[in-house]
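Please look over the sequence and the model shown below.

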Amino acid sequence: MRVLDDGAWISVNDDRKVRVSELWRLDAPDLCECALTDLVVENFQSVGVDGSTVEVRVYGQCIACGAAGTTGWIPVGRVRGSEFAEIDRSAVRRVRR
Ligand SMILES: [Zn+2]
């Protein structure tokens, strides 16, 4: 599990799985004041695993209000055995506290 290409990709078992430039709906009150943050993901800062949950910290910008910053840890997928399953992209992602 690592971050590739200066934060452009998250790689799982040397397979590129999650990329930047996606729009994530976030429940991230620390990042901006919108009820939900529509975050354009610009850069993965770090990736980690907590149990079977893959989490990342990302730098991005809210397209609604323009606030930019680095998020806390956000679950993006799960590891089952050696398989990676991404969390439903349309789901609201919550920053873990
Ligand atoms: Zn916002």
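Q: Which residues does Thr-71 touch, not counting residues up to four places away in sequence?
A: This is a predicted model, in which local features need pLDDT of at least 70 and side-chain atom pairs count only at pLDDT 80 or more, while totals for chains, interfaces and linings use all residues. Residues are numbered from 1 along each chain as its sequence is written, and side-chain values use heavy atoms, with hydrogens and water left out. With contact taken as heavy atoms within 4.5 Å, and leaving out residues up to four places away in sequence, Thr-71 touches Leu-26, Leu-31, Leu-39, Val-56, Arg-57 and Val-58.

Q: Is Thr-71 buried or exposed?
A: Thr-71 lies in the loop between strand E7 (68-70) and strand E8 (74-80), where helices (H or I, at least four residues) and strands (E, at least two) are DSSP runs numbered from the N terminus. Relative accessible area under 20% means buried, over 50% exposed and in between partly exposed (1.4 Å probe, protein chains only). Because its relative accessibility is 3%, Thr-71 counts as buried.

Q: Which residues is Gly-72 in contact with, leaving aside its neighbours within four places in sequence?
A: Gly-72 is also found in the loop between E7 and E8, and with a relative accessible area of 28% Gly-72 is partly exposed. Leaving aside neighbours within four places in sequence, the contacts of Gly-72 are Val-56, Arg-57 and Val-95.

Q: Which atoms coordinate the zinc ion?
A: Donors are N, O and S atoms within 2.8 Å of the metal (3.2 Å for Na, K and Ca), and water is not among the atoms, so sites may look incomplete. Along the chain the donors of the zinc ion follow the spacing C-x1-C-x27-C-x2-C. At 2.3 to 2.4 Å, the zinc ion is coordinated by Cys-32 (SG), Cys-34 (SG), Cys-62 (SG) and Cys-65 (SG).

Q: What is the geometry of the site of the zinc ion?
A: Four donors count as tetrahedral if all angles lie between 85 and 135 degrees; four count as square planar and six as octahedral if opposite donors are over 155 degrees apart and all others between 65 and 115, and anything else is irregular. Ideal angles are 109.5 degrees for four tetrahedral donors. The four donor atoms of the zinc ion make angles of 107 to 111° among themselves, and the site is tetrahedral.

Q: How is the aromatic pair of Trp-24 and Phe-44 arranged, and what is the angle between the planes?
A: Rings of Phe, Tyr and Trp (its six-membered ring) pair if their centres lie within 6.5 Å, with planes under 30 degrees apart counted as stacked, over 60 as edge-to-face and the rest as tilted. A search of the whole structure finds one aromatic pair. Trp-24 and Phe-44 form this tilted pair, with 6.3 Å centre to centre and an angle between the planes of 45°.

Q: How many residues apart in sequence are the parts that the pair of Trp-24 and Phe-44 ties together?
A: Trp-24, at 0% relative accessibility, counts as buried, and Phe-44, at 2%, counts as buried too. Because Trp-24 lies in strand E4 and Phe-44 in strand E5, the pair ties together parts whose separation in sequence is 20 residues.

Q: Which residue lies over the face of Trp-24?
A: A charge sits over a ring if NZ of Lys or CZ of Arg is within 6 Å of the ring centre and within 35 degrees of the ring normal. At 4.2 Å from the ring centre of Trp-24, the residue over the face is Arg-93.
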